[in-house]
Each structure stands twice: as structure tokens, then as C-alpha cells.
Amino acid sequence: MERVIGTDELASGERRSIFVDDIPALVIRLGDTWHVIEDVCTHDGQPLTTGEVTDCSIACPRHAARFDLRTGKALCMPATEPIRVFKVEIRDGAVWAAL
Ligand code: FES
């Protein structure tokens, strides 16, 4: 696993663009839950970086497809394929992630 961010670096509701194994990724903190997702929409490659987060899902800023932050599942059109979601561990005061 790769260390991606310290747990004191983001407050709940905040996010940061990172790379995990050279893959563009987005780390999002929701309370004590951390999500790390591939930051590329499967519909047409748009970064999800600024997408609206609600109910544990993120919306693509371009055409509004939504993805579940836990599973990566595409929740509505126009996306049909899931995004990749990284496994996450919290240890040593940091967030660690790997596919
Ligand atoms: S590029 Fe994301 S919904 Fe079209």
C-alpha cells in the first residue's frame, strides 16, 4: 500500500487530488471514513475532482453521471462502467491506499 495523506491533513468534507501508483486519484474524507477513487469518469474521461459529493456518491462535473464512493458503481447515466476504488487502511496517522 502507498501512503497518500496524513489523517490530520483533511477535515470532514474535504478532498485532495493525489496519485497512487501513478494513477490520478481523489481522496475524500467524510467524517471518519476515507474514500480513495480513481479520478477519471468512465463516461468520457473527465476528472471527478470538483464533482458534488452527496449520499456517499460523487457526480461527474461534465454530464452528471454519479458513482458510489464505496464500490465505484455507476449509479446513473450516461456512465455505465464503474470507476476503480482503492482499498484504504488507516494506520500510523495516515491514509494508505492500493488497488
Ligand atoms: S464525462 Fe463524466 S458523465 Fe460524461
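This dialogue walks through a few features of a predicted model.

Biologist: What are the ground rules for this model?

Modeller: It is predicted: local features need pLDDT of at least 70, side-chain atom pairs count only at pLDDT 80 or more, and totals for chains, interfaces and linings use all residues. Residues are numbered from 1 along each chain as its sequence is written, and side-chain values use heavy atoms, with hydrogens and water left out.

Biologist: Where does Glu 9 lie?

Modeller: Strands are DSSP runs of E, at least two residues, numbered from the N terminus. Glu 9 is in the loop between strand 1 (2-6) and strand 2 (15-20).

Biologist: Which residues does Glu 9 contact, leaving aside its neighbours within four places in sequence?

Modeller: Contact means heavy atoms within 4.5 Å. By that test, Glu 9 touches Arg 3, Glu 14 and Arg 16.

Biologist: What polar contact joins the side chains of Glu 9 and Arg 16?

Modeller: A polar contact is a pair of N or O atoms within 3.5 Å; within protein, one must be able to donate a hydrogen and the other to accept it, and residues adjacent in sequence count only if both atoms are side-chain atoms. For Glu 9 and Arg 16, the distance is 3.0 Å. The Glu 9 side chain also reaches the backbone nitrogen of Gly 6, at 2.7 Å.

Biologist: Which side chain of opposite charge is nearest to Asp 39?

Modeller: Lys and Arg count as positive, Asp and Glu as negative; His and the chain ends are not counted. A salt bridge needs a side-chain nitrogen of Lys or Arg within 4 Å of a carboxyl oxygen of Asp or Glu. For Asp 39 the nearest is Arg 15, 7.7 Å away. Asp 39 is buried and has no salt bridge. Its side chain does make a polar contact of 2.6 Å with the side chain of Thr 49. Asp 39 sits in the loop between strand 4 (33-38) and strand 5 (53-54).

Biologist: Which strands pair with strand 9?

Modeller: Two strands pair if DSSP finds at least two bridges between them. Strand 1 pairs with strand 9 in the antiparallel sense over 4 bridges. Here Gly 6 has Ala 94 as its bridge partner. Strand 8 (residues 87-91) is also antiparallel to strand 9, with 5 bridges. Glu 89 is partnered by Trp 96.

Biologist: How many residues of strand 9 are buried?

Modeller: In strand 9 (residues 94-98), 5 of 5 are buried. Ala 94, Trp 96 and Ala 98 cover one side, and Val 95 and Ala 97 the other.

Methods. Buried means under 20% relative accessible area, exposed over 50%, partly exposed in between (1.4 Å probe, protein chains only).
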